[in-house]
Amino acid sequence: MPSPLTPSEESTLIRKTNSEILLVVFIHGFKGGDNTFKEFPQRLQHVLSESVDNICVESIVFPAYETKGELNAAVTRFADWLTTLTVQRENEHGGGAGSAKVVICGHSMGGFLAADSLLEFIKTRPDQDCPLWPRIIACVTFDTPFLGINPGVVKNGVTKAAEFANVATTAGSAIFGSFAGLGAQKVAETRASPSNNSAPASPWGKWAPAAFAVGGALLAGAAAGGTYYKRNDLNQGYTWLMDHMKYAGNIWDEPGLRRRVDALVDAHEKHGIFFRNFYVLLPEAPPMHLTARTFIVQPKRTSREVKYFTPTKNKRAADEAQGHTGMFDAKTNDGYYNLGLVAANVIREAVQATRATGSTESDATSGKDDV
């Protein structure tokens with residue numbers, strides 16, 4: 001006669017037999033890392049575990065990956081990793097193919113990777129009636145510029161780049177003299193204002209020298225024989241900018257952006273794969289800012305995708321870039337806890353929709369998933 005199960009073994013057996021698996025996978029953005037999301041994945045796992053019956057929730061951060069090269073190559077790497085992970089978890093749980101529900105979450109450019117991976121899985125099914133595997137039930141993104149980056153962000157960033165750059169220029173040659181003079185004037189204007197040696201609070205400081213260089217002043221000064229400080233910082237910033245343009249160059253492809261958004265809305269409305277993009281909204285702050293600010297371009301109010309873009313307010317961020325990068329830290333985002341709740345609500349709705357239909361397809365057009 002076999003030995004009786006211990007309470008722990010019995011609990012594990014019941015959980016494996018009666019509960020579902022929910023894998024919530026997080027993908028960081030450009031040049032992000034394993035710490036991008038801080039404690040947010042664990043918090044979301046706890047909220048879902050407490051609010052959804054009979055489910056084993058596991059939050060997993062996609063390991064830090066090299067954000068170089070084309071986005072398509074990153075999609076292939078992520079798809080391979082996700083399929084391997086899904087097989088492992090389904091085997092450990094004792095279920096068959098499709099027994100694990102998967103939610104892919106991406107921040108910033110990680111949202112493009114999440115979206116393109118989902119669309120690739122849909123496109124590469126043997127036929128249109130074949131169920132999706134891995135069984136992705138939702139694509140939840142955070143401040144992903146699906147329709148582009150707000151022009152105001154770039155404008156504000158270039159202005160701050162001039163404030164952050166430490167440059168010294170001299171009078172140039174006859175060919176570059178006028179441009180070098182412009183550079184010297186910009187430097188003089190920058191140094192005329194009070195400053196300190198501490199690192200700027202805003203993330204713009206990370207690539208300000210490169211942005212300033214692209215603006216012309218710094219490059220002109222160098223070409224004219226001028227000197228500048230922190231040359232290594234400039235080179236690193238320029239490399240950052242070039243890597244970004246190669247990896248994320250499609251954010252300037254308006255037709256491509258439009259096609260991706262349409263496909264995500266179709267995935268939600270036709271295949272029941274929930275889609276939501278939570279974006280940071282900095283409220284009005286007179287007298288400096290008379291209107292609300294966002295890092296991403298918002299959809300038009302009359303567009304079909306507008307209901308899938310949900311604003312989350314942040315009153316602590318100094319600017320759009322800080323709101324974007326500090327989204328998952330309560331110290332820099334006073335809307336952090338609410339963000340966890342509304343994200344959990346969308347995922348919970350996706351789980352309930354699949355339970356109601358018993359398949360990956362659901363009637364997701366009823367609006368019940370709206371936050």
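## Overall fold and surface

Accessible areas come from the Shrake-Rupley method with a 1.4 Å probe. For this protein, which is a predicted model, the accessible surface comes to about 18,600 Å², and 54% of that surface belongs to carbon and sulfur atoms. Of the 371 residues, 48% count as buried.

The secondary structure consists of twelve helices and nine strands. Where contacts join residues at least 6 apart in sequence, 79% of them link residues at least 24 apart.

## The nonpolar cores

The largest nonpolar core has 45 residues, and those with the most contacts inside it are Phe78, Leu82, Ile104, Leu113, Leu118, Ile136 and Phe146. Two or more residues are given to this core by each of strand 1 (20-27), helix 3, strand 3 (100-107), helix 4, strand 4 (135-142), helix 10 (254-271) and strand 7 (274-282). Helix 4 gives the most, with nine residues.

Another core, of 34 residues, lies apart from this one, and among its members are Val57, Val103, Ile137 and Leu282. Within the largest core, Leu118 is one of the residues with the most contacts; leaving aside residues up to four places away in sequence, Leu118 touches Ile104, Leu132, Ile136, Cys139, Leu264 and Ile273.

Helix 4 spans residues 109-123, and its 15 residues reach 21 Å from the first C-alpha to the last, close to the 21 Å expected at 1.5 Å a residue. This helix is mostly covered, with 13 of its 15 residues buried.

Helix 3, residues 71-93, has 23 residues and reaches 33 Å between its first and last C-alpha atoms, again close to expectation, which is 33 Å at 1.5 Å a residue. Its buried residues are Leu71, Ala74, Val75, Phe78, Ala79, Leu82, Leu85, Thr86, Arg89, Glu90 and His93. As background to that list, an α-helix has 3.6 residues a turn, so residues three or four places apart point the same way. Helix 3 is followed by Gly94, which has a positive phi, near 90°.

Phe40 lies in helix 2 (residues 40-51) and counts as buried because its relative accessibility is 0%. Not counting residues up to four places away in sequence, Phe40 touches Phe26, Phe142, Phe328, Tyr336, Leu339, Gly340 and Ala343. Phe26 stands 14 residues from Phe40 along the chain, and their C-alpha atoms are separated by 9.9 Å.

Asn314 is found in the loop between strand 9 (309-313) and helix 11 (320-325), and with a relative accessible area of 2% it is also buried. The side chain of Asn314 reaches the backbone nitrogen of Ala317 at 3.2 Å. With residues up to four places away in sequence left out, Asn314 touches Val280, Leu281, Leu282, Pro283, Gly323, Thr332, Asn333 and Asp334.

## Cysteines

The structure holds zero disulfides. In the case of Cys105, the closest cysteine sulfur is that of Cys139, and because the two sulfur atoms are 7.9 Å apart, they are too far for a bond; the cut-off for a disulfide is a sulfur pair within 2.5 Å.

Cys105 is buried, with a relative accessible area of 0%, whereas Cys130 is partly exposed, at 24%.

Terms used. Residues are numbered from 1 along each chain as its sequence is written. This is a predicted model: local features need pLDDT of at least 70, side-chain atom pairs count only at pLDDT 80 or more; totals for chains, interfaces and linings use all residues. Side-chain values use heavy atoms; hydrogens and water are left out. Helices (H or I, at least four residues) and strands (E, at least two) are DSSP runs, numbered from the N terminus. Buried means under 20% relative accessible area, exposed over 50%, partly exposed in between (1.4 Å probe, protein chains only). Contact means heavy atoms within 4.5 Å. The expected span of a helix is 1.5 Å times one less than its number of residues. A polar contact is a pair of N or O atoms within 3.5 Å; within protein, one must be able to donate a hydrogen and the other to accept it, and residues adjacent in sequence count only if both atoms are side-chain atoms. A nonpolar core is a set of buried Ala, Val, Leu, Ile, Met, Phe, Trp, Tyr and Cys residues joined through side-chain atoms within 4.5 Å.
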